[in-house]
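Open your viewer and keep the selection tool at hand. Each stop below tells you what to pick and what is there.

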Amino acid sequence: MSRDCLFCRIAEGSERADIVYSDPDVIVIRDIHPRAPVHLLVIPRQHLGSADEVEDPSVWSSVMNAAVRVARDMGLCAGGYRLVVNCGAGAGQTVSHLHVHLLAGRIFQWPPG
Ligand code: AMP
Ligand code: ZN
């Protein structure tokens, strides 16, 4: 937990967010600036600055299992959804706490811009 970290404060409940799923390891919130009709952030409770800092592979299983579970529960599978991890400023990462974007509800271009 880092007091300086927005997603740590959301995970511990000291900062408001629209939480759609929560378990002992992961929270899922609605992105405050959605880039698709459905835009969620899948966030491990443990503070890790980016994908580059993950050493315990169980972090990925917790995060990805939560992402797919939420996608199924929200009925997103038939229309398709995209999972995105921006790692580092050059890839567009703006919040330095690991998170997976879950985007759905429109057609997505490939490759991403
Ligand atoms: P990234 O740019 O990959 O680091 O993604 C960070 C995401 O966090 C962006 O899509 C932001 O819109 C989103 N975001 C920033 N602040 C908040 C907040 N307070 N609640 C929900 N989402 C946020
Ligand atoms: Zn954090």
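Predicted model: local features only at pLDDT ≥ 70, side-chain atom pairs only at ≥ 80, totals over all residues.

Residues are numbered from 1 along each chain as its sequence is written, chains are lettered from A and ligands numbered from 1 in the order in which they are written, and side-chain values use heavy atoms, with hydrogens and water left out.

**Stop 1: the ligand.** Select ligand 1 and the 15 residues that surround it, each with a heavy atom within 4 Å. The closest are Asp-31, Asn-86, Gly-92, Thr-94 and His-101. By class, this shell holds six nonpolar, seven polar and two charged residues. Here Ala, Val, Leu, Ile, Met, Phe, Trp, Tyr, Cys and Pro count as nonpolar, Asp, Glu, Lys and Arg as charged, and the others, Gly among them, as polar.

**Stop 2: polar contacts.** Look for pairs of N or O atoms within 3.5 Å. A side-chain N or O atom of His-101 lies 2.8 Å from an oxygen atom of ligand 1. For the side chain of Asn-86, the distance to a ligand 1 oxygen is 2.9 Å. At Val-95, a polar backbone atom is 3.0 Å from an oxygen of ligand 1.

**Stop 3: the pocket.** Where does ligand 1 sit? Ligand 1 sits in the largest pocket, meaning that more than half of its atoms lie within 2 Å of the pocket's grid points. A pocket is an open set of points on a 1 Å grid over the protein atoms alone, where a 1.4 Å probe fits, with protein on both sides within 12 Å along at least five of seven lines; lining residues have an atom within 4 Å of a point. Now select the 31 lining residues. Nearest the centre lie Asp-31, Arg-35, His-39, Asn-86 and His-101.

**Stop 4: a cis bond.** Finish at Trp-110 and Pro-111, joined by a cis peptide bond with omega about -5°.

Notes. Polar contact = N/O pair within 3.5 Å; in protein donor to acceptor, adjacent residues only side chain to side chain.
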